[in-house]
Amino acid sequence: MLWDYIRSRRISVLAWATVCAVFAVVFALWSLPLKAVLYGAAVSGFFGLTAAAVDYIYYRRKRLRLKKLADEIIYTADGLPDRVYGVEEDYCALVRILYDNMRRAEDEAAEKLSEMTDYYTLWAHQIKTPIAAMGLILQEGGGTHDRELYDNLQKIEQYAEMVMCYLRLDSDSTDFVIKEYDLDNIVRQAVRKFSRQFIRKKLSLTYEPLERTVITDEKWLLFVIEQIISNAVKYTKTGGAEIYCEEPLTLCIRDTGIGTAPEDLPRIFEKGYTGCNGRIDKKASGIGLYLCKRICGKLGHKISAESDPGGGLILKIDMNTQKSCVE
């Protein structure tokens with residue numbers, strides 16, 4: 001900081017040295033005593049150094065204050081130094097203008113995002129009405145094509161729910177209702193939703209009553225479980241899935257599907273990451289498990305994945321630690 005200060009005042013130092021040199025040359029040409037020049041230079045140097053020391057103290061305080069503001073990341077123009085003048089005052093005025101423009105742009109972006117979220121939320125709600133109507137019509141039919149159409153209609157409904165989840169996850173209107181729920185009741189809702197697909201693909205489902213209660217949000221945890229079961233059905237051709245609980249309170253969903261390559265396992269919860277098997281299958285979007293990870297983080301749960309030694313994947317939701325989502 002001292003070296004920076006000297007460099008910022010180098011013109012003043014050069015001006016003082018030049019004046020001393022001019023006086024020395026003039027005194028030498030006129031054969032005047034050189035001691036007079038040295039004495040004047042010493043006196044002016046003393047007062048100059050004193051003034052420079054005081055100026056450096058103010059300079060250092062100002063730099064430290066600005067550094068503290070930068071370290072604490074205080075995005076406010078009110079923290080700028082008060083003792084400013086000349087060009088520094090112009091710089092502070094410019095910073096305030098840039099800050100006001102930034103806040104205005106942030107407000108406009110937030111307003112546009114809110115409008116877009118409201119529109120797509122309304123769209124998702126509206127599109128679920130014809131989906132439900134078509135589902136009822138297809139349920140009345142008993143043909144093979146009707147069952148396949150119904151399964152694909154369920155996928156469309158699931159994608160619409162993913163849109164709503166994606167938009168509302170970071171919204172201020174996220175409607176968490178945190179209380180104690182029966183875990184079996186939540187799991188059964190997800191199992192019933194995909195029961196027809198298990199039957200059509202001739203997949204087995206091993207599920208015994210869990211007899212656990214959990215502090216969570218029913219709607220959002222149900223979305224996570226549905227995503228995991230949906231992936232199990234989608235990527236499993238033979239075998240099936242198993243739902244069980246590890247002590248003290250970890251929900252496990254194991255399938256015998258295509259699994260995940262060992263090098264892909266640490267990244268399957270990343271946004272847009274499909275992995276080697278997902279790219280081969282051409283069905284993965286890389287959004288489902290990413291949303292599951294985000295939701296579990298909001299709920300205070302921990303989700304992880306393990307490769308099943310017998311093939312397939314095991315998804316685990318650790319619900320031993322919960323937190324209030326109102327924080």
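1. The model under review is a predicted one. Its aromatic pairs number 5. Two of these are described in the following points.

2. Tyrosine 5 and tyrosine 59 form a tilted pair, because their ring planes stand at 55° with the centres 5.2 Å apart. The two partners come from distant parts of the chain, 54 residues apart: tyrosine 5 belongs to helix α1 (residues 2-8), and tyrosine 59 to helix α3 (residues 34-72).

3. Are the two members of this tyrosine pair buried or exposed? Tyrosine 5 has a relative accessible area of 7% and is therefore buried. Tyrosine 59, at 17%, is also buried, since buried means under 20% relative accessible area.

4. Ring pairs also bring in a further residue: Tyr5, Tyr56 and Tyr59 are linked by them into a cluster.

5. Phenylalanine 46 and phenylalanine 47 pair edge-to-face, because their planes lie at 75°, with ring centres 5.4 Å apart; planes over 60 degrees apart count as edge-to-face. Phenylalanine 46 is exposed, its relative accessible area being 54%. Phenylalanine 47 likewise counts as exposed, with a value of 55%. The cut-off for exposed is over 50%.

6. Which residues form the negative surface patch? Asp107, Glu108, Glu111, Glu115 and Asp118 make up this patch. One of them, glutamate 115, is located in helix α4, which covers residues 87-140.

Notes:
Residues numbered from 1 in each chain as written. Predicted model: local features only at pLDDT ≥ 70, side-chain atom pairs only at ≥ 80, totals over all residues. Heavy atoms only, no water. Patch = residues over 30% accessible without salt bridge, like charges linked within 9 Å, V, L, I, M, F, W, Y side chains within 5 Å. Areas by Shrake-Rupley, 256 points an atom, 1.4 Å probe, with all protein chains shown as cover. Salt bridge = Lys/Arg side-chain N within 4 Å of Asp/Glu carboxyl O. Lys, Arg positive; Asp, Glu negative; His and termini not counted. Charge placed at Lys NZ, Arg CZ, Asp CG, Glu CD. Helix = DSSP H or I, 4+ residues; strand = E, 2+ residues; numbered from the N terminus. Phe/Tyr/Trp six-rings, centres within 6.5 Å; stacked < 30°, edge-to-face > 60°. Buried < 20%, exposed > 50% of the residue type's maximum accessible area, 1.4 Å probe, protein only.
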